[in-house]
Amino acid sequence: MKELIKEKLETLLREKYSLEGLNYTIEEPKDRHLGDLATNVCFLLSKHLKKPPHVLAEEIAKELSNEDFQAEPLRGFINFRFSEGRIKEGFRELLSLASNYYFEDIGKGKRLQIEFVSANPTGPLHLGHGRGAVVGDALYRLLKAFGYDVVREYYINDAGYQVYLFGLSILYRVYELFGKEDQELKQKFEEEGYKGNYVKELAKDVKAFFGEEVLGWEKEQAIEKLGEYGVKRMLEDIKETLAFMGVEFDLWVSEKSLHQRGLVEKVIKLLEEKGYTYTQDGALWFKSSNFGDDKDRVLIRSDGTPTYFAGDIAYHYYKYERGFEEVINLWGADHWGYLPRLKGALKALGIPKIG
């Protein structure tokens with residue numbers, strides 16, 4: 001009813017007084033005996049028309065009253081009483097729509113994408129991921145209920161150095177089970193490896209499945225294979241945990257697939273063409289300081305490998321490339337500083353929707 005009153009009032013203000021944008025209120029009066037709703041619009045209108053509020057209230061109330069509500073002037077306010085027919089109609093609508101009665105179609109089918117959880121597939125989910133899953137799922141359900149066309153996505157970081165280290169960690173634990181020593185592998189594991197007990201369990205599974213065949217693999221090949229194996233197993237574990245929580249995703253987008261399709265290479269080339277990159281110390285840098293970041297960021301390392309940042313730019317470019325009108329990211333608090341550089345890259349790429 002509030003929206004109905006506001007719609008009729010806005011039309012009257014525009015057509016009779018050529019006014020729009022008055023910051024008036026429509027709310028329940030303190031004394032409910034005075035009516036169902038009341039507005040202070042005449043007090044704001046009097047400043048423009050140089051008429052007393054009570055005079056305006058008399059004028060406007062006569063024109064607003066209709067079969068849905070009666071408008072009554074009172075000391076400059078206008079009070080509204082719903083008609084019996086409108087109340088009955090409201091109850092019929094409530095009984096028909098049940099719980100959906102409280103949801104308005106404010107989304108109008110607007111296409112949104114929401115990315116949440118997106119935990120690295122190099123380990124199981126922890127409590128922080130669980131919180132993100134619950135918040136993301138609740139937000140998705142609310143947006144859906146209010147008429148938005150929402151897609152839920154999980155971004156899988158299945159490429160790059162972290163996957164290499166994961167494979168290396170599993171291989172180290174496999175060698176440990178077989179009593180094989182490799183000092184170079186051991187040093188790297190102790191410096192940067194994944195040391196959780198789940199890695200030991202993965203190593204036991206590898207030993208049971210592949211047996212001594214693993215020992216015959218060339219080391220770099222073994223690291224790559226076991227990295228892929230570990231990611232696959234962790235994703236199964238992650239999906240099982242999310243399913244237990246009742247959280248689902250419409251799409252699981254692989255970082256590796258973005259590289260394979262040439263999307264990472266494409267966005268880097270676009271940034272170069274637009275003049276937002278430069279080369280220094282053998283690496284390719286993005287001028288993120290132009291967009292409020294505290295320093296510029298590397299896109300391509302000196303060894304020729306793309307950074308995670310480059311992959312993230314490609315993924316977010318891919319979001320808008322698919323026609324989403326708005327995207328929502330639910331990240332951990334430790335990612336706050338990541339926003340300026342990512343938003344800057346998207347602005348540099350010419351995406352106009354970035355605030």
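Me: Where is Val134 found?
Reply: Val134 sits in helix H5, residues 127-145. Helices (H or I, at least four residues) and strands (E, at least two) are DSSP runs, numbered from the N terminus. The model is predicted: local features need pLDDT of at least 70, side-chain atom pairs count only at pLDDT 80 or more, and totals for chains, interfaces and linings use all residues. Residues are numbered from 1 along each chain as its sequence is written, and side-chain values use heavy atoms, with hydrogens and water left out.

Me: Why is Val134 called partly exposed?
Reply: Its relative accessible area is 49%. Buried means under 20%, exposed over 50%, and partly exposed in between (1.4 Å probe, protein chains only). The value falls in between, so Val134 is partly exposed.

Me: What makes Arg92 and Glu89 a salt bridge?
Reply: Their side chains meet at 3.0 Å, N to O. The rule asks for a side-chain nitrogen of Lys or Arg within 4 Å of a carboxyl oxygen of Asp or Glu. The pair meets that limit, so Arg92 and Glu89 count as a salt bridge. The two residues are three apart in helix H4 (residues 84-97), about one helical turn.

Me: How do you know that Glu228 and Lys256 meet in a salt bridge?
Reply: The N to O distance is 3.7 Å, which is within the limit, so the pair counts. This pair links distant parts of the chain: Glu228 is in helix H9 (residues 219-245) and Lys256 in helix H10 (residues 255-260), 28 residues apart.

Me: Is Arg297 buried or exposed?
Reply: Arg297 has a relative accessible area of 14%, so it is buried. Asp294, its salt-bridge partner at 2.6 Å, counts as exposed at 65%. Asp293, Asp294, Arg297 and Arg341 are linked in a network of salt bridges.

Me: Why is the pair of Tyr276 and Phe291 called tilted?
Reply: The ring centres are 5.4 Å apart and the planes stand at 50 degrees. Rings of Phe, Tyr and Trp (its six-membered ring) pair if their centres lie within 6.5 Å; planes under 30 degrees apart count as stacked, over 60 as edge-to-face and the rest as tilted. The angle belongs to the rest, so the pair is tilted. Tyr276 and Phe291 are 15 residues apart and link distant parts of the chain.
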